[in-house]
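Have a look at the model first.

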Amino acid sequence: DKSKDVKLISIGRQGSMTFVSRPSDAAIIAMIESSKTVIRMVLQDIGPVTIPGTKRALPGLTWPTAVLSALGGAIYDRGVDVEIVLSNPGCIPGSLRGTEACYGNGWSCVDVASEIVKTIRKNHHKVNDARLRALVKDNLRICFVRHNKSDSYEDGMSIGLHAKHFIIDDICCYIGSQNLYTCDLAEWGLVVDDKET
């Protein structure tokens with residue numbers, strides 16, 4: 001019975017460090033640009049991978065400007081609520097070392113908000129400061145994942161998340177392994193375009 005089928009789109013990056021064609025990035029940006037009411041994101045991070053213990057991006061890595069511009073446009077142009085939950089900065093899972101795995105690139109919630117605001121200012125020639133401040137205050141919410149109001153478990157292990165998941169207008173969602181920042185691993189996921197699902 002095809003009436004019970006769920007609409008899925010498979011997208012992903014191929015692990016290339018050069019920008020030739022990234023249709024999965026274009027699909028994610030199109031999802032964000034289609035938002036009308038709310039974008040809910042749970043992400044490992046949105047800022048670029050850094051040199052451990054610093055806020056300096058690794059050579060060649062930058063903030064995902066197109067994604068940040070789409071989020072900024074959603075807020076400023078359409079009044080969309082943007083909610084982002086991030087992994088705690090520098091969270092290292094298990095007994096691994098920071099060079100083996102790190103589930104937070106070191107950026108603060110203020111860093112992420114600042115980068116979104118920068119794209120709004122860049123993309124809109126005459127930004128009304130009072131309107132921008134009100135929209136950021138009312139429509140942009142960014143936090144780190146917590147357990148019992150703490151960034152670590154009772155055993156001292158830091159709380160991180162490796163998720164890459166977001167929902168647009170509670171209708172269309174992405175779940176998979178593609179980071180929104182550029183790291184170009186072999187990343188893959190599914191877009192589920194079905195309100196009932």
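A pocket, on a 1 Å grid over the protein atoms alone, is an open set of points where a 1.4 Å probe fits, with protein on both sides within 12 Å along at least five of seven lines; lining residues have an atom within 4 Å of a point. The volume of the largest pocket comes to about 320 Å³, a volume being the space filled by probe spheres set on the points, with grid points joined across faces, edges and corners.

Before going on, a word on what you're looking at. This is a predicted model, where local features need pLDDT of at least 70 and side-chain atom pairs count only at pLDDT 80 or more, while totals for chains, interfaces and linings use all residues. Residues are numbered from 1 along each chain as its sequence is written, and side-chain values use heavy atoms, with hydrogens and water left out.

Now for the second largest pocket, with a volume of about 240 Å³. It has 18 lining residues, and Arg22, Asp25, Pro64, Thr65 and Thr182 are the closest to its centre. Helix 1 (23-33) and helix 2 (65-78) are the elements that give two or more residues to this lining. By type, the lining of the second largest pocket divides into 10 nonpolar, 5 polar and 3 charged residues.

Step back to the whole chain. You'll find 4 helices and 7 strands, where helices (H or I, at least four residues) and strands (E, at least two) are DSSP runs numbered from the N terminus. Read from the N terminus, the order is β-α-β-α-β-α-α-β-β-β-β. The radius of gyration is 17 Å, close to the 16 Å that the globule rule gives for 197 residues, so the chain is as compact as a globular protein of that length. That radius is taken over C-alpha atoms, and the rule is 2.2 Å times the number of residues to the power 0.38. Of contacts between residues at least 6 apart in sequence, 70% join residues at least 24 apart; contact means heavy atoms within 4.5 Å.

Buried residues make up 42% of the 197 in the chain, buried meaning under 20% relative accessible area, exposed over 50% and partly exposed in between (1.4 Å probe, protein chains only). So what does a buried one look like? Leaving out residues up to four places away in sequence, Val80 touches Ser35, Lys36, Thr37, Val38, Ile39, Ala74, Ile75 and Asn139. Val80 and Ser35 are 45 residues apart in sequence, yet 7.0 Å apart in space, C-alpha to C-alpha.

Finally, visit the loop between strand 4 (140-144) and strand 5 (164-168), where Asn148 is found. Asn148 is exposed, with a relative accessible area of 64%, and has a positive phi of about 50 degrees although it is not a glycine. Lys149 sits in the loop between strand 4 and strand 5 too, exposed at 84%, with a positive phi near 65 degrees. Most residues other than glycine have a negative phi.

Note on methods
Ala, Val, Leu, Ile, Met, Phe, Trp, Tyr, Cys and Pro count as nonpolar, Asp, Glu, Lys and Arg as charged, and the others, Gly among them, as polar.
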